[in-house]
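Visitor: I have a few questions about this one. Can we go through the details?

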Amino acid sequence: MNVFITGASSGLGEGMARRYAVPGAVIGLCARRANLLEDLAKAIEAKGARAIVYAVDVADTATMQQTAEAFITACGGQVDLVIANAGIGIPHRTLQGESEPIAKLMRVNVIGVTNTVVPFVPAMVKRGSGTLVAVSSMAGHRGLPGRAAYSSSKAAARVFMDALRLDLHGTGVHAMTLCPGFVRTPLTAVLDNKLPFLIDCEDAVTLMVDAIAARKKTYSFPWQMRVLGFVLRNATEGVVRKLSPAARTRAPE
Ligand SMILES: NC(=O)c1ccc[n+]([C@@H]2O[C@H](COP(=O)([O-])OP(=O)(O)OC[C@H]3O[C@@H](n4cnc5c(N)ncnc54)[C@H](OP(=O)(O)O)[C@@H]3O)[C@@H](O)[C@H]2O)c1
C-alpha cells in the first residue's frame with residue numbers, strides 16, 4: 001500500500017507511518033523537521049518499505065501541490081491512502097485579543113488539511129480507488145472553553161471531509177475523519193493536568209489503522225471519549241464549562 005502522511009515526524013503520524021511500513025509499500029513522510037523524517041525513513045527502509053521524505057510546511061499550498069504530484073509520480077500513479085495528520089495547539093489567546101496565533105493555527109489545522117488531501121483527488125478518482133483521511137479531534141465536536149481556535153479548526157476539518165465524501169460518492173474514493181481523544185504524544189506531554197481517558201500512542205494507532213481499513217466516515221475514540229463527546233454535544237453551556245477537559249488543562253505554549 002502506498003501511503004502519504006503529514007505530521008510524520010512525531011506522535012500519531014510517526015506511529016502510523018511505522019505501522020504502514022511493510023515490504024513493498026511506499027510511504028511519503030511529510031513534516032518540517034527533516035532530520036526526524038530522515039531517521040524515520042531509515043527505520044522504514046530497514047523494514048523493506050520505501051520511504052520518501054518531504055520536509056514541507058503543510059500551510060504552503062503551492063509546495064504541497066508539488067509534493068503531492070511528486071509522490072503520485074513516485075508511486076506510478078497509485079496512491080492508496082493520504083492522511084492529513086499534521087496539527088498544532090496554541091495557548092488560550094482569545095481573551096488577549098491576539099488573532100495572529102489563531103490565524104497560524106488555522107493555516108496548519110484547516111488549510112494544511114485541504115492542502116494535503118485535495119491535490120490527490122484527481123489521481124484517485126481516475127483510478128477509482130483510494131482513501132483520504134483527516135485527523136480531527138474530539139475537541140471538534142463542540143466549541144470548548146479555552147479551545148476556540150483548536151475546536152473550530154478541528155470542526156472545519158471534519159465538515160470539509162464530510163462534504164468531500166459527498167462529492168466523491170460513486171467514484172470509489174472515500175473521505176473520512178478520525179477524532180482522537182487524549183493520546184500520549186509530544187502534543188499532550190505539555191499539558192500539565194491529568195487528562196481523562198488518556199491512551200497510549202500505539203493503542204491509538206491501532207484504532208486509527210483499523211478505522212481506516214473499515215472505511216468509517218467519522219471515527220471518535222476511545223469509546224469513553226465517544227460517550228463524553230455525545231454528552232458535550234447535547235449539553236447546556238453550563239454543563240460544557242463544567243465537564244470540558246480543556247477547561248481544566250493548560251494549552252501548550
Ligand atoms: N495527541 C492527542 O491527544 C490528540 C488528540 C486529538 C487530536 N490530535 C491530533 O492528532 C494530530 C497529531 O498530533 P500528535 O498528538 O501526534 O502531535 P505531535 O506529536 O505534536 O505531532 C504533530 C505533527 O504535526 C507536524 N506539524 C506541525 N505543524 C506542521 C506544519 N506547519 N507543516 C507540517 N507538519 C507540521 C509536526 O511536525 P514538524 O514539527 O516536524 O513539522 C508533527 O509531526 C494533530 O492533528 C492533533 O491535533 C491529537
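**Aromatic rings and a buried charge**

Guide: Phe71 counts as buried because its relative accessibility is 0%; buried means under 20% relative accessible area, exposed over 50%, partly exposed in between (1.4 Å probe, protein chains only). This is a predicted model, where local features need pLDDT of at least 70, side-chain atom pairs count only at pLDDT 80 or more, and totals for chains, interfaces and linings use all residues. Residues are numbered from 1 along each chain as its sequence is written, and side-chain values use heavy atoms, with hydrogens and water left out.

Visitor: How many aromatic pairs are there?

Guide: The count comes to 6 aromatic pairs. Rings of Phe, Tyr and Trp (its six-membered ring) pair if their centres lie within 6.5 Å; planes under 30 degrees apart count as stacked, over 60 as edge-to-face and the rest as tilted. Phe4 and Phe71 make a tilted pair, at 5.5 Å centre to centre and 50° between the planes.

Visitor: Which aromatic cluster is Phe4 in?

Guide: Phe4 forms one aromatic cluster with Tyr54, Phe71 and Phe120.

Visitor: New topic. What is the nearest side chain of opposite charge to Arg158?

Guide: Asp162, 4.2 Å away. Lys and Arg count as positive and Asp and Glu as negative; His and the chain ends are not counted. Arg158 is buried and has no salt bridge, which means a side-chain nitrogen of Lys or Arg within 4 Å of a carboxyl oxygen of Asp or Glu.

Visitor: What does Arg158 touch beyond four places in sequence?

Guide: Its contacts (heavy atoms within 4.5 Å) there are Ser136, Gly140, His141, Thr177, Cys179 and Thr218.
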